[in-house]
Amino acid sequence: MGDALLWLAALAGVICIVLVVLAFIAQITLILFRTGSMSPTIPAGSVAVVQRIPASGIEVGDVVTVDRVGELPVTHRVTTIAPGVVPEERIIIMRGDANASEDPFPYTVSSVRIVLCSVPDVATLIVGMGNPVVLGTLTLAATTLVVWAFWPRTHRRADRSGRIGAGGRGG
């Protein structure tokens, strides 16, 4: 049982490392949705996996996240695309799926984060994982597992007759 837990923990660790490296290389992040402006496609409480791409790669109908200076990013569906001042720049107009009208102003972007997929009702879980009590509990559990795995054990040797003993001659 103990070995199975250690293998499971090691596998989870390797998976986490691989995912972090892939996310860094592919510029993939997570977006948590607080509002329902993209419902029913992406309801409030969802988590979306997004990837940064050049603005030249977006098309009308894509759901993208636009970063705004001094404000929270906005994630809506692209309704209009126009060329910008420089070749890599685009001026886009967006609208949330639940909104009756388009956003009040256009966004000038050179890159956006395109939504690759979303999972409803996971945001609360992810936010909860940042709770100090949860983090402390997970840290203590991982520490206990590591200490248990590396704690010195005494092994009893089998004598010549196959009986387990303290290592002396059996009789």
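Student: In which helix does V21 lie?

Tutor: Before answering, note that this is a predicted model, in which local features need pLDDT of at least 70, side-chain atom pairs count only at pLDDT 80 or more, and totals for chains, interfaces and linings use all residues. Residues are numbered from 1 along each chain as its sequence is written, and side-chain values use heavy atoms, with hydrogens and water left out. Helices (H or I, at least four residues) and strands (E, at least two) are DSSP runs numbered from the N terminus, and the run of residues 2-26 that holds V21 is helix α1.

Student: Is V21 buried, partly exposed or exposed?

Tutor: Buried means under 20% relative accessible area, exposed means over 50%, and partly exposed lies in between, with a 1.4 Å probe and protein chains only. Because the relative accessible area of V21 is 43%, this residue is partly exposed.

Student: Which residues are linked with D67 in a network of salt bridges?

Tutor: A salt bridge is a side-chain nitrogen of Lys or Arg within 4 Å of a carboxyl oxygen of Asp or Glu. D67 forms one with R52, the closest N and O atoms being 2.8 Å apart, and this pair links strand β3 (residues 63-68) to strand β2 (residues 47-54). D67 also meets R113 in a salt bridge at 2.3 Å, N to O, and since R113 lies in strand β7 (residues 111-119), this pair ties together parts that are 46 residues apart in sequence. The residues linked with D67 in the network are therefore R52 and R113.

Student: Does R113 count as buried or exposed?

Tutor: By the cut-offs already given, the value to consider for R113 is its relative accessibility of 12%. Because of that value, R113 counts as buried.
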